[in-house]
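Work through the exercises below with the sequence and the 3D structure in view. Try each task before reading its solution.

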Amino acid sequence: LEGFEGLVQQFNENIMYWEEYYQDKDPFQRELPEKFGELTNFQKMLILRCLRPDRVIDAITHFVENEPSLGKDFIEPPLFD
């Protein structure tokens, strides 16, 4: 996939970073090494989905809140009278 070239090699060369990424309580907030730091938030969520599927819901929430075309209105339930 475009943007992910060299990911396996980068993973093998920096296994300590990826272990820390895996152990992090909020890995989506971490900066990715080298050129992978330039990926879009959606592409970063794809990496997260492969390594930490348990954290994807939090990443999606963060993504929607910070996406200019979406925002908190799409996260928070409406108030009922």
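**Exercise 1: the pocket**

The lining of the largest pocket consists of nine nonpolar residues, with no polar and no charged ones. Here Ala, Val, Leu, Ile, Met, Phe, Trp, Tyr, Cys and Pro count as nonpolar, Asp, Glu, Lys and Arg as charged, and the others, Gly among them, as polar. The model is predicted: local features need pLDDT of at least 70, side-chain atom pairs count only at pLDDT 80 or more, and totals for chains, interfaces and linings use all residues. Residues are numbered from 1 along each chain as its sequence is written, and side-chain values use heavy atoms, with hydrogens and water left out.

Task: Find which residues line the largest pocket.

Solution.
1. On a 1 Å grid over the protein atoms alone, a pocket is an open set of points where a 1.4 Å probe fits, with protein on both sides within 12 Å along at least five of seven lines; lining residues have an atom within 4 Å of a point.
2. The residues that qualify are Phe4, Leu7, Val8, Phe11, Trp18, Leu46, Ile47, Cys50 and Leu51.
3. Helix α3 gives the largest share of this lining, four residues. Helices are DSSP runs of H or I, at least four residues, numbered from the N terminus.
4. The space in the largest pocket is about 160 Å³, a volume filled by probe spheres set on the points, which are joined across faces, edges and corners.

**Exercise 2: helix α3**

Task: State which residues of α3 are buried, and what covers them.

Solution.
1. Buried means under 20% relative accessible area (1.4 Å probe, protein chains only).
2. In α3, residues 41-51, this holds for Gln43, Lys44, Met45, Ile47 and Leu48.
3. Their cover includes α1 (7-13), α2 (15-23) and α4 (56-66).
4. Lys44 and Ile47 are also among the contacts (heavy atoms within 4.5 Å) of Leu39, leaving aside neighbours within four places in sequence; Gly3, Phe4 and Leu32 are others.

**Exercise 3: the whole chain**

Task: Describe the secondary structure and the spread of the protein chain.

Solution.
1. The protein chain has four helices and zero strands.
2. Its radius of gyration, taken over C-alpha atoms, is 15 Å, well over the 12 Å that the globule rule (2.2 Å times the number of residues to the power 0.38) gives for 81 residues, so the chain is more spread out than a compact globule.
3. Along its principal axes, the C-alpha trace spans about 55 × 25 × 15 Å.
4. Of the 81 residues, 27% are buried.

Terms used: Buried < 20%, exposed > 50% of the residue type's maximum accessible area, 1.4 Å probe, protein only. Helix = DSSP H or I, 4+ residues; strand = E, 2+ residues; numbered from the N terminus.
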